[in-house]
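Hi everyone, thanks for coming. Let's look at this chain together, starting with its contacts and then moving to one helix.

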Amino acid sequence: MSTEETTDERASILLVDDMEDNLIALEAVLGSLNEPLVRARSGEEAMRALLRQRFAVVLLDIRMPGMDGFETAATIKRLDRTKDVPIIFLTGTDADAGYAFRGYATGAADYLTKPFDPWVLRAKVTVFLDLYRKNQQLERLLAREHVHAARISARLASLEDQLATEDPPDVPDLRRQLGELQRLVARGAGTRAP
């Protein structure tokens, strides 16, 4: 695995809560996942973090001074750069019954009440970490496919230019180039050329 792929496999988790004790508890529960945990003490701080780096998941407290969790989530979902980051809302058991509905309506992927079961939280976060890694792999694969397609297009353009300018065409050279193009296409399709 290359250094770039290893770096991409690291899936940062954003912890957003205005209470230090809650952040410490989240770090204790999620520390065993061995992924970077980034703290934010407000919605505004969370947005700055989200604009600086990519996150696999955001754990977001609802009740915070200033920009509360709902406003923060709405802002996250409004921006192209952050709209696909999954959000797990965390709130106290005394929360309004409509909080869960409002959380999902704002774009949350999940909703947990405090005190939460550490095993459940870790399991839910692990699912989002796995999804993040799969998406990273797909993005790398798609980028490689685009490069491969560009190579094929360039080779085809070169052949077309050669056919348009040579009179008569150099048939042995054209056969050689077509063979190279066939191998290039077969490599992209994951098959072997004859």
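Of the contacts in the chain with a separation of 6 or more, 61% join residues 24 or more positions apart; contact here means heavy atoms within 4.5 Å. Please keep in mind that this is a predicted model, where local features need pLDDT of at least 70 and side-chain atom pairs count only at pLDDT 80 or more, while totals for chains, interfaces and linings use all residues. Residues are numbered from 1 along each chain as its sequence is written, and side-chain values use heavy atoms, with hydrogens and water left out.

The chain has seven helices and five strands, which are DSSP runs numbered from the N terminus (helices H or I, at least four residues; strands E, at least two). Along the sequence the pattern reads α-β-α-β-α-β-α-β-α-β-α-α. The C-alpha trace spans about 85 × 30 × 25 Å along its principal axes.

Now to helix H2, residues 20–30: which of its residues are buried? They are Leu23, Leu26, Val29 and Leu30, where buried means under 20% relative accessible area and exposed over 50%, with partly exposed in between (1.4 Å probe, protein chains only). These four sit on the same side of H2, because they cover an arc of only 125° around the axis, taken from the directions from the helix axis to the C-beta atoms. The face turned away from that buried side carries exposed Asp21 and Ala28. Among the elements covering the buried residues of H2 are strand S4 (87–92) and helix H6 (118–165).

Strand S4 also holds Thr91, which counts as buried because its relative accessibility is 1%.
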